[in-house]
Amino acid sequence: MANPSPGNSITLRVEAPSSFSATSELAAAVGAAGAAITALDVTESHHETLVVDVTCNTTDDAHAARVKDALNALDGVTVQHVSDRTFLMHLGGKLEVVPKVPLRNRDDLSRAYTPGVARVCLAIAEDPAAARNLTVKRNTVAVVTDGSAVLGLGNIGPAAALPVMEGKAALFKQFANVDAWPVCLDTQDTEEIIRTVKLLAPVFGGVNLEDIAAPRCFEIEARLREELDIPVFHDDQHGTAIVTLAALVNALRVVDKKIEDVRIVVSGVGAAGSAIIQLLKAQGARHIVAAGRSGAIHKGEAYNDQHRTWIAENTNQEGFSGSLHEALVGADVFIGVSAPNILGEEHVASMAKEAIVFAMANPTPEVDPAIASRHAAVVATGRSDFPNQINNVLAFPGLFRGLLDVGASDITPDMLVAAAEAIANRVNDNELNASYIIPSIFDPHVTADVAAAVAAAAHASNVATAAEPAESAAEPALASA
């Protein structure tokens with residue numbers, strides 16, 4: 001199922017004979033090797049030879065090697081060098097710190113630093129709440145991980161998690177003008193993580209927990225929410241739930257079904273699955289069966305963690321105890337946040353007419369989307385190379401933009417639902433179809449709409465401290481997105 005992807009993009013510097021057909025022969029060889037050419041540039045020209053940079057998308061390192069071999073096999077052609085464009089993007093990291101104020105002379109220095117800064121320090125010492133307006137706190141989020149559950153890579157540790165956290169911070173800035181910074185902790189002890197985040201909290205206006213394994217992530221989030229006066233958000237749980245709900249709202253519009261009537265099967269009862277189920281219930285879903293590795297979660301079984309216990313008590317009212325595949329028979333909706341290739345065509349075919357399949361395991365979905373589309377009316381994944389990408393970046397930048405703008409101290413379920421509805425509403429009736437149930441992550445209005453909806457919900461929930469936005473710079477950032 002793997003397709004050439006920009007995530008495996010390479011540039012091959014090739015020396016070739018200076019014939020009229022040289023570049024077309026290079027392009028043909030790359031295409032025959034199964035790669036997708038995105039650029040072909042002549043960088044040097046000589047009497048007898050050309051030097052050409054061939055840029056293409058591949059599926060993996062082995063595929064890139066086959067493309068190189070295919071070019072080297074051409075008569076008179078030599079591949080001089082292969083560059084991995086993804087690694088080039090990460091050289092030196094993806095973030096930097098840039099001052100917001102000019103420091104041109106002694107006058108500027110005296111106000112930005114000593115002696116003038118002492119007056120600001122004393123003002124905050126007298127009124128700690130003033131830090132929100134007089135420091136970076138008003139617009140800064142900590143992206144915190146312990147590296148224990150990074151993407152689909154598993155427990156790879158804090159240093160290896162850093163490129164992902166840098167990317168997350170870059171998305172915060174690009175889409176919502178929120179200054180975020182990676183905080184990769186060299187511990188996987190729950191109490192140490194909680195204590196460390198609390199010690200760092202004075203700098204930040206919010207905390208985004210990321211890629212922390214379940215069930216540890218549940219306690220960390222719950223404790224930090226209770227013990228801090230700034231919003232704490234575990235994106236793997238609630239960001240995924242927000243965007244999933246938004247997509248489902250529109251998918252149900254496509255098939256003309258109601259959330260309270262449909263049978264929903266959720267595969268995966270970890271952080272994301274638990275949060276999705278909670279948000280679906282908050283939106284009115286009544287018929288949900290959740291399945292783990294050993295089958296459906298149900299009241300007849302004893303579970304050793306409170307989250308599976310909660311799922312057993314609040315879903316599957318019929319007490320179904322079979323397998324995931326058995327649960328799918330006649331189901332209207334499948335939501336997968338579990339493992340690759342666990343469904344076959346026959347399982348999707350067993351679902352109800354006009355079924356909805358969200359196969360969100362990344363990078364390899366629970367079922368090949370092309371196969372699922374033979375039987376399901378609407379198919380979505382977490383991938384960018386298929387229609388209907390369910391991607392958390394639709395949610396978390398706008399969510400934190402809204403939280404920071406109103407100085408929110410907590411996050412409520414109503415705010416999560418408001419964010420989902422704002423995302424869903426970006427797809428109007430004229431645009432809605434089976435291949436377009438969720439807006440593009442580059443829709444310039446998504447972040448602002450989510451921020452406004454979250455800010456309004458924060459005021460309604462009485463968790464906002466500011467009557468007006470402190471610093472809403474989402475629109476300028478989006479204009480450049």
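Analyst: Buried residues make up 48% of the 481 residues in the protein chain of this predicted model. The chain exposes about 22500 Å². Carbon and sulfur atoms supply 53% of that area. There are 19 helices and 14 strands. The radius of gyration is 25 Å, close to the 23 Å from the globule rule for 481 residues, so the chain is as compact as a globular protein of that length. Along the principal axes, the C-alpha atoms fill a box of roughly 75 × 75 × 45 Å. Of the contacts with a separation of 6 or more, 69% come from residues 24 or more positions apart.

Now the rings. A pair of aromatic rings is described by the distance of the centres and the angle of the planes. The structure holds 4 aromatic pairs. One of them joins Phe 175 and Phe 442: the centres are 5.8 Å apart and the planes stand at 50°, so the pair is tilted. That angle falls between the limits of 30 degrees for stacked and 60 for edge-to-face. Phe 175 belongs to helix 7 (residues 158-176), while Phe 442 sits in the loop between helix 17 (413-424) and helix 18 (446-460), so the pair ties together parts 267 residues apart in sequence.

Are the two partners buried or exposed? Phe 175 has 4% relative accessibility and counts as buried. Phe 442 has 52% and counts as exposed. The cut-off for exposed is over 50%.

Ring pairs also build a cluster. Its members are Phe 172, Phe 233, Phe 396 and Phe 400.

Next, the end of helix 7. Ala 176 is in this helix. Ala 176 is buried, with a relative accessible area of 0%. Asn 177 is found in the loop between helix 7 and strand 6 (179-184). Its phi is positive, about 55°, although Asn 177 is not a glycine. Asn 177 is buried too, at 17% relative accessible area.

Asp 211 is another non-glycine residue with a positive phi of about 55°. It is in the loop between strand 7 and helix 9. At 3% relative accessible area, Asp 211 is buried. Pro 215 is found in that loop, between strand 7 (206-209) and helix 9 (216-227). A cis peptide bond joins Ala 214 to Pro 215, with omega about 5°. Another cis bond joins Thr 114 and Pro 115, where omega is about 10°. Pro 115 is in the loop between helix 4 (106-112) and helix 5 (117-126).

Last, helix 1 (residues 22-32). Its residues Ala 22, Leu 26, Ala 29 and Val 30 are buried. Seen down the axis, the buried residues of helix 1 fall within an arc of 100°, so they line one face. They pack against strand 1 (5-17), strand 2 (36-45), strand 3 (49-58) and helix 2 (61-72). Gly 34 follows helix 1, with a positive phi near 90°. Ser 19 is in the loop between strand 1 and helix 1. At 35% relative accessibility, Ser 19 counts as partly exposed. Ser 19 and Leu 399 are 380 residues apart in sequence and 56 Å apart in space, C-alpha to C-alpha.

Definitions and conventions
Residues are numbered from 1 along each chain as its sequence is written. This is a predicted model: local features need pLDDT of at least 70, side-chain atom pairs count only at pLDDT 80 or more; totals for chains, interfaces and linings use all residues. Side-chain values use heavy atoms; hydrogens and water are left out. Rings of Phe, Tyr and Trp (its six-membered ring) pair if their centres lie within 6.5 Å; planes under 30 degrees apart count as stacked, over 60 as edge-to-face and the rest as tilted. Helices (H or I, at least four residues) and strands (E, at least two) are DSSP runs, numbered from the N terminus. Buried means under 20% relative accessible area, exposed over 50%, partly exposed in between (1.4 Å probe, protein chains only). The radius of gyration is taken over C-alpha atoms; the globule rule is 2.2 Å times the number of residues to the power 0.38. Contact means heavy atoms within 4.5 Å. Accessible areas come from the Shrake-Rupley method with a 1.4 Å probe; for residues, only the protein chains shown count as cover. The arc is that of the directions from the helix axis to the C-beta atoms.
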